Structure formats: structure tokens, C-alpha cells
Amino acid sequence: MKVIHTSTNATIDLLQIATAYYFYPMDDSDLNADELAASIVSEAQRNAQTELRATSEILKLAGVVLRDRASSFSRGNNSNGLSPSMQNAGNSNYSSSNALTSPIANSIGGISNSSINSGLLYDRSAINSLSDDEETGSNVAIPEYSHLPGKFGSLSFSESAELTNSPTNRTKLLSKLDGLEGCNTPRRLDRVGSNDDASGVIRNDFRDAAVSPRTRSVIEEAMGNASSGSERVKSISRKPHGRNHTTTTLSNTAVGEMETARLPKVSLSEMMPAWVKRKITAESTGTRKSGVGNSTQSKNSEQKQHYYGQYEIHSSETIISHEFNRGNWTWAMEWSPDGNYLALATENHDLAIVDAGMSASLWKVIHDDHIGRLKNDTTHTIRAIAWGTTFIAIGGTGDAVSIIEPYLPASSSLRPSGITKQSFRVVDVITETGFVSALSWQKNSNILAIGNREDQCLVVKVCRGNDSSVNTNILHNVERSDWVNAVRFSPGGTKLAIGDRSGLLSVFLFVVVEQGEPPALSSLQNITMEDNILDIQWAPDAKYLYVGGEDYCITVIGTSKWDVLQKIGRDRWVPFLAPSRGGSYLVSGGSENSVSLFDVKKEWREVTSLPLDGGIPLFAKWHPKDQYLAISGQFNDVIVYETSCRRLLEGKCLRSKSAVVAVDFSPNGKILAVGMESGIITFFDAGSSIFVTLYETVIGTGGDVTIRWSPNGRVIAISSGSTFVLLDTVYSGESGKHPQNNSRFFVRKVIQAGVNFASLTFSPKSEWLALTDTRTQILDIKNNCNCVRVLDQENVLSSGWSPDGSLFALVGTRDVVSIYDARAKSPSDWELLFSISFDITLNTLCWGPSIKKGLQYLAFGGDDKRATVLEIRTFERTWEEILGIPSKSNINDLDWNDKGLLCIGDDDGVVSIVDLSYLKSGRAVNEMNYNWQRQGLICTMKLTRNLGRNAITSLRWLSSNAVRNNRNLLVVGGSDGIVEIVDLPDRR
């Protein structure tokens, strides 16, 4: 038998060696008793340098085992295969104080007698006091075994006493040791009730059981398995300390208490995420794209007897997400500890940092830089990110780990030049790491675990010198038999889990042994999976360890007994696992085009799945406060779902009996007008906490409905089918001549046409109204809506003035965008500036905010599934297409607020919002830094409602001039019959 000499696991090895020798005799080629005693004392000498608490108890136990071993065979015959040296050891009686004199004296070296006698190594008087008679127990002080390894640490106080004082029970209790659970425990000595018994003849059943092939092989296999992990752990010398260190071996209970002590004092309260509820609700309804859902039509008879109007208050079904177009696969992501930033690692060698502050309407990429050549002249595609309390660590294919120091001041605004105030500087590079597969920081420290394809797990400490320079010291190098694909510190930082390609999962205790020294590693548990391990994640309370890999399942391991609680089958390999920070949910890969959400409280039952377009998901990460869930993979976009409903206002979501086709806010924001496909027009009080109906009427035949408030708020224009109505909101009658009007609205003008009206819009100063049926008429509002100009373009679907009124544009099915110079006092004098041809039908247009004369921006979209933005330079009489924002379906409506946010409503139930505020700089795009334009291309916020079963028909921003509008409020209507106001707060 080989005696294992490793500084990290000496205490466990001592127990295993002593127990194995207790169970079966050795032949002449094995270690004799003197050598065993010398080895034990040698290990104790090493342990004594680190002042391990367990050393005295371990030596006491080892001495008692040796004494029992020798005593039992001194009573039997010598035909049991006992080696001569062991026979002599037995005859010399280990109860004598001289029995261990020679080996101890030769091995104890520099340890003083006072240390020995004090019990630091072992209690010699306690061993000497033991009698040869097994029925006579000695009065030995009972050691506390609760801090010893494995099942041995679970012994009760009474069991500890029996272990120390009773050789009969010692055999049974020692079998509780980890690695020896499968051993048969024979009876060492047994008195037989016969005449021979009276003469003191003792039957020795131990030899027969011990030499059986099964027992010996089991023990040898157990010893081999128990030592294999610890044999591969190497402690690297550290400056200025050059000693190797060991860790105290602890029971599972003690380790759990240590872990719990380091967890946050207040756990996150967690319910089912609101977006999950909304998604499940939406999926359970029969909402159709052509109309409202079946849930509205399936009311029971009792409800039908009570008339409640056309609307009912409805729970929001909107899912809010943020998407970032990275142009390639994104392998890994990591949140900053405070959750305000998100780091993205992409195949194109870039590291991107996203400002994800809670006050942001739209998130910004504040850093996106290529990771160039490193100290060892290599570049790398980033495959792993870890964001610690001080540094960011990144690693990948470049045989190195880069240590980045983020500088993130409180103000995160971008300068006009496009240069950020933040900085992310590489301050150190750890070279020769091989292909880095995984990184993990220990909680609240600068200790980093690195898993690589050099069959290693490196544990390093990043230090800052007196000169502010940053350097790295290697603390441990854990060698494995295959690639290390996953490393993960426990939430409390007291344990380290390592998973490799061979399927071996190892858990190490990682605690400080000596004050002032770095933590040391001690093997705690080894578990073999059925195939390659790809990811390891701890539950936030460290009660579970989740393992995923190429075995097509998620393995849930309970950390109290290290047993497998559940296996969840998957369709593919499981490349990632993501437990929520509250611990109630687990997100996992394992499907081709979706990620799955499991409810931990319901025995990991799958609650829902999130579909993804175009590839296999590779990574997911929850926000530190569970407010977001980020997903990336083999597709160009990174998707971050909002898991709270903070943007969805209570009482501001209604479901109607018909599709909602038109919405608009009054200029002061107090009233919201909603038009249904049936022709019903309803006015709601939008200023109260919930919707309150103010007025309701029916106009025209329905179908195509358009509603527009005049910018001054005096009139409302409504077209429904072939009917046009202009309503006044202010009574201006003369007393005694006109009757008093107590209603909020009264009719000013009605126009009936032979065809349906397609579009209407007001000029910025509320002077003119453009009304389109088969042609576009410009009406003079102040002069009883008399027509003053008819524009030639036919089949117009949308029209509008620029914010300063200088330009007027029309789009439609004729594949032409017509732009007029509208600066003339009379529309009859307008001049056509541009007529731009396109090969598609354009359904909608809107103008961007106007900052500088002669520089305007126009957005339009339609059946090409793309929102196009033109820059128009009127003084130069030129235009340029500066931006194309893709959509996954046809675009139905656009609106661009004066803060620079452009929203796009499509035919698939999605509202996309992009931040184009950089266009308000007053400079032409060709004079700008490209980074500004790139933001509009890569950062999108999306509001999704009944995906694929709903068309967004109308949307409007609340004007920034509205009363008490310090937020970005957006109202959205759809063919699902739902109208909802969403709150998108401003960036600070």
C-alpha cells in the first residue's frame, strides 16, 4: 500500500490508512507497523506546522487502531499471514510507552517534547492507559469529531466515546468513513459460548473476512478512489511565504455552516417572474391576429348578463427585452456586482460593456474594443468572463487571461465626441494558461479560479503593489486527467467545484488554515458523471449543485449528502445552467432554439421556454437582483429579458371586444383617444392612476380608423371608413346666440367620401390638415376645412410635416416617397423637392426632432421589413439614406419623440425602440463619429405581446410638453384588442 504524502489531504489520508490497516492484515511486502507509525507521525509533523485542530485526535485514533491491531494478533496464532515485523509489534504491546519510541523518535524531528506531551500530536498517556482486555474501557478524554471529514464527522457524542473506548464498536463506527462505506465489517474477536470459551479460547473471524478477495478489493478500490483526487492537488510556493499548507477537514454540517455564514444576510424574496406569468397567460389564450382573443368571447353566462362596456381591465401580457446585435456568436456574459453593467464576450475578439442602469430607457454599449496582442504575442477569442469586486478577468483561445480594471464613475453619460468617461484597461496578463474554458472569482476577494484545456485548474491571487502595479501569484494548481471545462466557487466562497471532460466532478474545501495565509484546498467530494461536464452552478444557498454536460441531462446534487436528487433529460448537450439569485428558478440550455425555465420549488418542473431565432443558445446569466435574464448563443444577438414589471403600469392595460387600430394622446397628456376596428371611439382619462372612460361614440363604418389631436389641442380629427369628423374640444360659442355645451367634445366638420380615408395629419402650428382618400387634400382648419391644395400622388398611406413645418412628405403603394418644401405661406406655393422611388409598399412615416434649420430626418417603413432613415439637407437640396433598422415582419406604424427615441410597430406583435438621439447634435452624419450611428444599429429595446398572434396597429409617444411628463410614456394598440401604456423612464 502506498502512503500518500500530500499537504492538502493529510488528515483524511491518516484516517483512511489507519482504518484500512484495521480492516485486513498485510503481507510481507506491505508496510509494517513501525513504518506505518513513522508515516503517521511524519504526516503529523507536517500538519503541526499549520496547527490543525484535528491532528491530536487523528493521532490518538491511529494509535488506538495500531494498538488494537497488534493486540488482536498477539492473542491469535501466526498463521494469519501477519508479517514478522507486525507480529513483533503486537508482542511488544502498544500499551507500553516504549512501544512507539523508536519510530517516533526517528520521525519526529524538530518537534519538541513539550509539543508532544501537550497533546498537540497525540495523547501518549491516553493510549498507554488502554487495557488489553477489550471489555475494559479506558478513561480517555473523548475528542470532538464534528470537524472531521465525511461521515466520520456525523458521529454523535456517545458514538465518539464508543469509538475511543470500545474496540468492538470501533470497527462498526470506522466503517462510516467516506470511501469505505462498501466494506463489510467483520467481527474482530468473538467469544463462543462453548467449553472452549471457558478455557479462554478465542475465535478469530477477522482473518477469514479480511483476506477474502471481495473485502480486500473493495478496500483497495476505496483507498484508490479516496486518494486519487488529493494526489493530484499541488500547492505552489508563494512569495513571500514558501510553505505548503493544508486545510482543516470539516464535516458537511460544519462546512455548510461556514458557507451559510458568508452568504448575504438577507435573502432575496422571489416569486414567479412577472414576465413568466404574462408569457404563460398569453400562451394559454387563443388570441388571434385578426381579432381579439377567445378569452374575451368565452365569458360565462352570468358575466354576459352584466353589461360592462367595450373594455375590461386586463393583466399585461407584454414582455420587455433588450437586444444587442454583435454580428457574431457571443460565448459568455457577466453582470457587474452592482448589476448596472453587462459584459459581453463575442467571437469577433471584442469585449463589450453595456450600461444597463435601472434608470435607462435604452441601454448603451459604452465600451466595445478589440482585445489585441498580449504579452506572449497572442490574440484570443473570449470564451469566459468573470467580474469580481475589483477586476474583470477574460480568457479564451489566446493562451492567456487578461485582468482588466474597470473605471466606472457615477456619471455614465457619453460626451458629444463619442468618447466615454469610462475606461477598461488591461492591467495584467496571466500567460501560458492554455485555452481558458472557465473563470470564477471567489466572493469578496481577488482570488480567481481558471479552468483550461491543459488539464488544470489554476487558483491565482491578483494583487496590487505599493506602486499601484498589478501582479498575479499562483496559489494552487489542481491537475486533472482531461480538459477542465467548468470551475465555480460556491456563493459563500468556501468551496470550489471543478468539472472536466472525463466527467469527474470534484468539490474542494477552500478555507484559510493559518491567519495571514491564503486559503488552502482540501478534497471534499468526487462524483463521476456519465459524460463530459460543460457547466457547474451552485444554488444561491449552496444547497444544490447543478451539473450539465454531454450526457443530455441536468443533474441536481444535494450538497448535504452529496447525492443525486434528480436528473432532467434534455434534447441536446447542456452547455449552460443559470440559477436565479433568489434560488427559485433554473434556466438551462439543452434545446436547439430555446432556453427552458424550471421551477425549483416544484421539483424542477419546466415552467416555460423562451424561443430563439437562428441558433443554439450557449449562455445565460441572471441579474444580481433577478431583474433581468441575459441569453446569448450561436446567433448575432444578445437578448436580455426584463423579469420585473416596473415599466408596466398598474391599471393601464385594457382589453376590448374588437381590435384596437388607432391611439393618440392629447398634447397635455390628460386624455387618451382609442379607436376600435368596429368604429367605436373612446376617450379615457389618462392622467388618473387607472383608465376612466370620459366619452364614447361611433363614427363611420369602422375598418381603417385614424385619430389625430391637433398640436394645440383644440381639435381632434378622426377618420373611420369613409367618414371624416373634426371634433372641437373648446366651446367658443357666443352667449345668447349659441346653446351652452357641457360635453367635452362637439362636432365641427363632417366629410363623407365614396372611398375609405387612408391618412390624416396636422401641421405643427395646427393651421393645416392633410386628409387622404384617393388623393391628398390640404384643408384650412380655420376656414371651415376648405381645401387649399390637392397633391398629385395617389394611393398614399401616410403623410406628415417635419417638426418645424418646413417639409411635408407622403408615402404609399406607389413605391415613391415625395417630399415637398412647405415653407411657403400657402400650400398652393409648395414645391416638390424629392421624389424617391422604392420597390416596396410603404405603410407609415414619421419625422425626427428638428434641431438645425436645413437638416431634417425622415423615417418610413412597410413591407420590406425595414425602417429606413433619410437625412435631408434642404439648403443643399440633397438627401442620404443613413440608417436601415431591420424588422422581422412588415412595419405598420412608426413614431419618433422629441427625445430621439424611434419606436417601430410590426405585424408580429413587436414594438422595437431605438435611440437616435445622436441625430440631435445638429451635425450631418458624415461629420459624426461612426460609434454614434452604430449605437442605433446594435441596441434595441423590444416590447413583445402575443408574438405571432398579434399585429401592432398603432402607437404614440406622450409629448414631452405634456403636464407632469418627466417620463417616456408610450401607448400601444394591437389586433389582439389590447391597449396599454408602458413607462420608459429617461436616462439620468
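How many helices and strands are there in the protein? The protein has 17 helices and 58 strands, both taken as DSSP runs numbered from the N terminus (helices H or I, at least four residues; strands E, at least two). This is a predicted model, in which local features need pLDDT of at least 70 and side-chain atom pairs count only at pLDDT 80 or more, while totals for chains, interfaces and linings use all residues. Residues are numbered from 1 along each chain as its sequence is written, and side-chain values use heavy atoms, with hydrogens and water left out.

**Overall burial and contacts**

- Of the 988 residues of the protein, 58% are buried, a term that denotes under 20% relative accessible area, against over 50% for exposed and partly exposed in between (1.4 Å probe, protein chains only).
- Among contacts (heavy atoms within 4.5 Å) with a separation of 6 or more, 55% involve residues 24 or more positions apart.

**Aromatic rings**

- The whole structure contains 21 aromatic pairs, that is, rings of Phe, Tyr and Trp (its six-membered ring) with centres within 6.5 Å; planes under 30 degrees apart count as stacked, over 60 as edge-to-face and the rest as tilted.
- In one of these pairs, the ring centres of Tyr546 and Trp604 are 6.5 Å apart and the planes stand at 75°, so the pair is edge-to-face.
- This pair links distant parts of the chain, 58 residues apart: Tyr546 belongs to strand E21 (residues 544-549), and Trp604 to the loop between strand E26 (594-599) and strand E27 (605-611).
- Both Tyr546 and Trp604 are buried.
- One aromatic cluster is formed by Phe324, Trp335, Trp363 and Tyr628.

**Charges over rings**

- Arg383 lies over the face of Trp331, 3.7 Å from the ring centre; the criterion is NZ of Lys or CZ of Arg within 6 Å of the ring centre and within 35 degrees of the ring normal.
- Lys652 places its charged end over the ring of Phe691, at 5.8 Å from the centre.

**A buried lysine**

- Lys495, in strand E17 (residues 495-500), is buried with a relative accessible area of 4%.

**A four-strand sheet**

- Four strands form an open sheet in the order E44-E45-E46-E47, with antiparallel pairing; two strands pair if DSSP finds at least two bridges between them.
- Strand E44 (796-801) and strand E47 (831-837) are the edge strands, each pairing on one side only.
- Five bridges join E44 to the antiparallel strand E45 (residues 807-812), and Trp801 stands opposite Phe808 in E45.
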